[in-house]
Amino acid sequence: MSESSLRLEDGALGELLITPEGFHAVRDGQERTGRVDAALIVRVLSTLGEAPAPVPGAAAPAVGRRLTVAGLNGRADRQWTDGTDAPVPAAVAPFATLLAQVFGEPGEPAALPGAVALGHPAVPPARSAAAVGTVGGRAAYALVEEDGSFGLTALDDAASLGGSDADAGLAPSAVALGEVAGRSLFAVGGADGSVQVWDATTGQVVHGSTGGEGAQAVAALVCRDIPVAFSAGQGGDLRAVRADDGRVLGNLPTGGHGATVLRAAHCAGIDLLAAAAADGTVRVWDAGSGDQLHLLVGHRGEVRSMAVLTIDDQAVLATGGHDRTVRIWDLATGQPVAELAGHTGTVTGLAFTTLDERPVLASCALDGTVRTWDVYDGRPLHGWPAGSWLTALAAVDGVLYTGDETGRISVWDAATGQARAGAPAGRPGSPLAALAAGELHGRPVLAAGFGDGTLAVWDAPTGSQLLDLAADGGPVHSLDLTTDGPDGPLLVCGTTAGAVRSHRLADGTAHPLPVPHAGPVTGLAFTTGDQPLLASAGRDGVIAVRAAATGDDSRRFATGHGPITALAAVVAGGQPILATAGEDLKVRMWHAGSGAAGPVCEGLARPAEVLSFTEIGGRPVLIAGAGDGDVLVWDVQSGQRTAQLAGGGAAVRAVVGREFDGEALLAAGDAAGTLRLWHLSSSTLLNEAALDGTPLAIELDEAGLRIVTPGGAVTL
């Protein structure tokens, strides 16, 4: 497809341009990029037929669709336009699906398998964020700039209390200050879903999660009796955490390449980890020491699948991908052993098995075929059609399991290619993304992950289902099973939105891993009390709660009400209470410990962008600043609205309320740089002032009003 392109212009969905380098999508000023496999293009082009040549300078259709195919295989350019004699054919439906998928929320189900089309994660533009609190006993504010630098500054004399430059690498979207066990903590949530916590006094990182980078590849291994989950995104280093409690173990450098596939194995007393990058290179590490052992070069394109075979003290690695070849490598020397050609589509699955006491490699591809190969001499053994787009492969005792774009699982005899009965049910209607085989209580099991984010485990010989786990963190991209460890075998899963999940294989119990939000963090809040907590919320509709001091005991609550736009926390009646605002124009309260839902507050005409708790007349109240400039107040215990204050139409960015000698005051600052002060009980506007900058945080106390803007703090 040299110099070729396909362009779909859809008045409702946006514009999609596909070139040999990948795709570029635009909708309402938003842009997305990613890769698309040739299999998707072939499926569409094979049924298009003929059409007129494009009209030079023709405007894009305001309503309807237009498809333009240019420079393809030496053929004349063609164009289809709705409302003409050559309307856009129904065959372009997969392109429309891709447009809808890449502009959806990160945690939404995927209709196209990641093996066929995968977008790079969209990171919204960072904007300055601020919070007020104390640092080392001094009233202070934290300010994170758009460039990622942050500073901690005393409110009384503007003395610097620490900070960083832009090399901190943050893409800030939320910030919070808190006092925990006499320690001042500073938390930042990122547009990439990360949450990082620093000691505000020393500047040391305390705990946190790295950002979701999409296409999360995972591998699982019991290393020195410790279950380890390795994960990687499309960029950055590889990360290793304990799969049972989430403690960070370290990183393995990739030179910024990230990984498309990970595979772990134990051989000759060494724990090995192989990572394939998008450029086709494969790095192999001693996972225990962190030493890189080999750099394997040979593939001409992205590697999409890997498998490891260990025999006594020897190990071989099989790799396959976009160049439609399978390569076998000796892991002791890093030397290539064989190059296997035969597939006519991207190789998406590899698995080793044994036939007649000889090791056999099985492969599947987007060409819809399964092939088997003799490992010792690289000789092709058998091949057969097994479906349409095959997306994953696993092997158990001479039996092969394939998964496809429809969510179906098929079972095959590896020796003959004959279909076998007793296939697991799969999940019809949702693409199957990954398969893995393992053992539980001495019996072989099969695990699968799907585009709707769910996971399932079956007893392999009978096909009876053992586990059915709900979606959490986005569509599944990859999964792996550990061998038996201290907590039994574990199932580790990575999602396209960047989350990593770990479940006990015996009963599905989820282990708390420090996973990022599947999308930007929209709120952070510390709670006080006997067990201080740090809560975060994001556009993925998830609330994450963890111990503020250590990050341990992490819990995630999927609210089920769409993206969260703001978060606040308070301790009321000795209980930690959270409030979240959403795009559904409601504000909801939750118990931070259990996730139990509380009162629902209504009355917003636009989503709230900021929330704040305070106490008025001995009762806790919740204040919300909305996108239309209004400020609403509710009673926390009943959820009843007690006040609604009209603003100037610009979105409220900061609110605070305080009671002085029985009189309640409320201050709000909006995106137009206007600060308003109200007498709350009478809803009387007391003062209105123009500021030099957008208010990001407000402190209201006996000393007066202090407002933090991107330029610093001002006092009124």
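Start by selecting Arg427 and Phe450: Arg427 sits over the face of the Phe450 ring, 5.1 Å from the ring centre. Keep in mind that this is a predicted model.

**Another arginine over a ring**

Now select Arg43 and Trp389. Here Arg43 lies over the face of Trp389, at 3.6 Å from the ring centre.

**Aromatic pairs**

Turn to rings that meet other rings. A pair of aromatic rings is described by the distance of the centres and the angle of the planes. The count for this structure is four aromatic pairs. For one of them, select Phe150 and Trp198: the pair is tilted, with 5.1 Å centre to centre and 45° between the planes. Colour the two strands to see what the pair links. Phe150 belongs to strand S10 (residues 150–154), and Trp198 belongs to strand S14 (residues 195–199). The two residues are 48 residues apart, so this pair links distant parts of the chain. Are Phe150 and Trp198 buried or exposed? Phe150 has a relative accessible area of 10%, which is under the 20% cut-off, so Phe150 is buried. Trp198 also has a relative accessible area of 10%, and it is buried by that cut-off. Phe150, Phe186 and Trp198 form one aromatic cluster.

**The second largest pocket**

Next, go to open space. Select Asp37, Ala38, Ala39, Ile41 and Arg324, which lie nearest the centre of the second largest pocket. This pocket holds about 500 Å³ of space. Its lining has 23 residues. Show strand S4 (30–36) and helix H1 (38–45), the elements that give two or more residues to the lining. Which of the elements gives the most? H1 does, with six residues. Colour the lining by residue type: 11 residues are nonpolar, six are polar and six are charged.

**The largest cavity**

Rolling a probe the size of a water molecule over the atoms shows where empty space is left. How many cavities of 30 Å³ or more does a search of the whole structure find? The search finds three. The largest cavity has a volume of about 70 Å³.

To find the largest cavity, select its lining residues, among them Thr559, His561, Thr580, Asp584, Lys586, Arg588 and Trp590. Then show strand S48 (575–582) and strand S49 (587–591), the elements that give two or more residues to this lining. S48 gives the most, with three residues. By type, the lining of the largest cavity divides into four nonpolar, five polar and three charged residues.

Definitions and conventions
Residues are numbered from 1 along each chain as its sequence is written. This is a predicted model: local features need pLDDT of at least 70, side-chain atom pairs count only at pLDDT 80 or more; totals for chains, interfaces and linings use all residues. Side-chain values use heavy atoms; hydrogens and water are left out. Rings of Phe, Tyr and Trp (its six-membered ring) pair if their centres lie within 6.5 Å; planes under 30 degrees apart count as stacked, over 60 as edge-to-face and the rest as tilted. Helices (H or I, at least four residues) and strands (E, at least two) are DSSP runs, numbered from the N terminus. Buried means under 20% relative accessible area, exposed over 50%, partly exposed in between (1.4 Å probe, protein chains only). A charge sits over a ring if NZ of Lys or CZ of Arg is within 6 Å of the ring centre and within 35 degrees of the ring normal. On a 1 Å grid over the protein atoms alone, a cavity is a set of points where a 1.4 Å probe fits but cannot get out, and a pocket is an open set with protein on both sides within 12 Å along at least five of seven lines; lining residues have an atom within 4 Å of a point. Grid points are joined across faces, edges and corners, and a volume is the space filled by probe spheres set on the points. Ala, Val, Leu, Ile, Met, Phe, Trp, Tyr, Cys and Pro count as nonpolar, Asp, Glu, Lys and Arg as charged, and the others, Gly among them, as polar.
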